[in-house]
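Work through these exercises with the model open. Each task is followed by a stepwise solution.

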Amino acid sequence: MALYKHIPNTVTSLNLFSGILGVIFCLQGNIFAAFVMMLAASVFDFSDGLLARLLDAPSPVGKELDSLSDMVSFGVLPALMLMETMILHKDPLAVQSWKSWFYLVPLLLAVFSALRLAKFNVDDRQTTSFLGLPTPSSALIAASLCLFIDKTPDCFLARWAGSPWFLPAVALVLSALLVCELPMFSLKIKKGDSVVKQVSIVTVAVILGITIPLIGLHWSLAILLTFLAYILTSILFAVFCKKS
C-alpha cells in the first residue's frame, strides 16, 4: 500500500491521542485543557474521513479505529468532564448524603456513547445522515457546559447548572439522544449533499460567537448553544421537511 494511504488512519490516531491527553488533563482538574484536547480531537475526526475520500484510501481498519478513537475522545472524556465538574463545584452536604451517588451518573454517558458507536457501525440507514445524536456533538455539548461552569463560577447560570442534580440530568438526556431514532443531519459535507442545513448551523455559530462575548458571557456558551441549535434544527427538518 502506498504510504499516503496511511494518512487518514494517522489523523484518526491523533484523534485518539488527543482524547487520551484530554482524559489526563481532566483527571488533574484542568477542564480548559481537557476541552482544548476535545476540540483538537474534533478537528482530527472531521479531517480523517475527508482525507480518506480525497486520497481514495478508505479501509475497514480505519472505520474500526475511528470508532475506538471516538469512544475515548467523545465518550469517556465528556463523561469524566461532567463528573469532574461536579466534584470541583460540589455541594459539601451532597457528598455526605444520598445524593453522592449522583456523581456516578455522568459515567452512563460513556456507556451510551459506546452503544451509539456500535449501532452506527452496523446500521446501513446512517450512511448519509444519523439516527440519534452523534457522539462528537454530545461530547461538545457536555464539555462546553463544563467549561462554562468552570470559567464563570459566579454567573447565576453557572451556579444553577453546577447544582448536584443538573449535570447528572444532562448526562441522562444526552444518553437518551444518542440512542434514540431522531433523524439528524450530518455536519460533514459530502458529495451530492444539500448544504442548507450545514450553512444554517454555521450561521448560528457565527452569530453566537460574536454576540455571546459582546454581552460579557464566556465563549464556551456559544459552542453549547450552537449544538443545541443543531438538535433543534434537526427536529424541525425532521418534522417539516421529511422529504428533504
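**Exercise 1.** Which pattern does the chain follow, read along the sequence?

Solution. The model is predicted: local features need pLDDT of at least 70, side-chain atom pairs count only at pLDDT 80 or more, and totals for chains, interfaces and linings use all residues. Residues are numbered from 1 along each chain as its sequence is written, and side-chain values use heavy atoms, leaving out hydrogens and water.
- Assign the elements: helices (H or I, at least four residues) and strands (E, at least two) are DSSP runs, numbered from the N terminus.
- Count them: 10 helices and 2 strands.
- Read them in order: α-α-α-α-α-β-α-α-α-β-α-α.

**Exercise 2.** Find which residues of the largest nonpolar core touch the most other members.

Solution. 
- Define the core: buried Ala, Val, Leu, Ile, Met, Phe, Trp, Tyr and Cys residues joined through side-chain atoms within 4.5 Å. Buried means under 20% relative accessible area, exposed over 50%, partly exposed in between (1.4 Å probe, protein chains only).
- Pick from its 55 residues: M38, M81, L133 and L145 touch the most other members.
- Locate the largest share: helix 6 (residues 135-151) supplies 10 residues.

**Exercise 3.** Is V239 buried or partly exposed?

Solution. 
- Take its relative accessible area: 48%.
- Apply the cut-offs: V239 is partly exposed.
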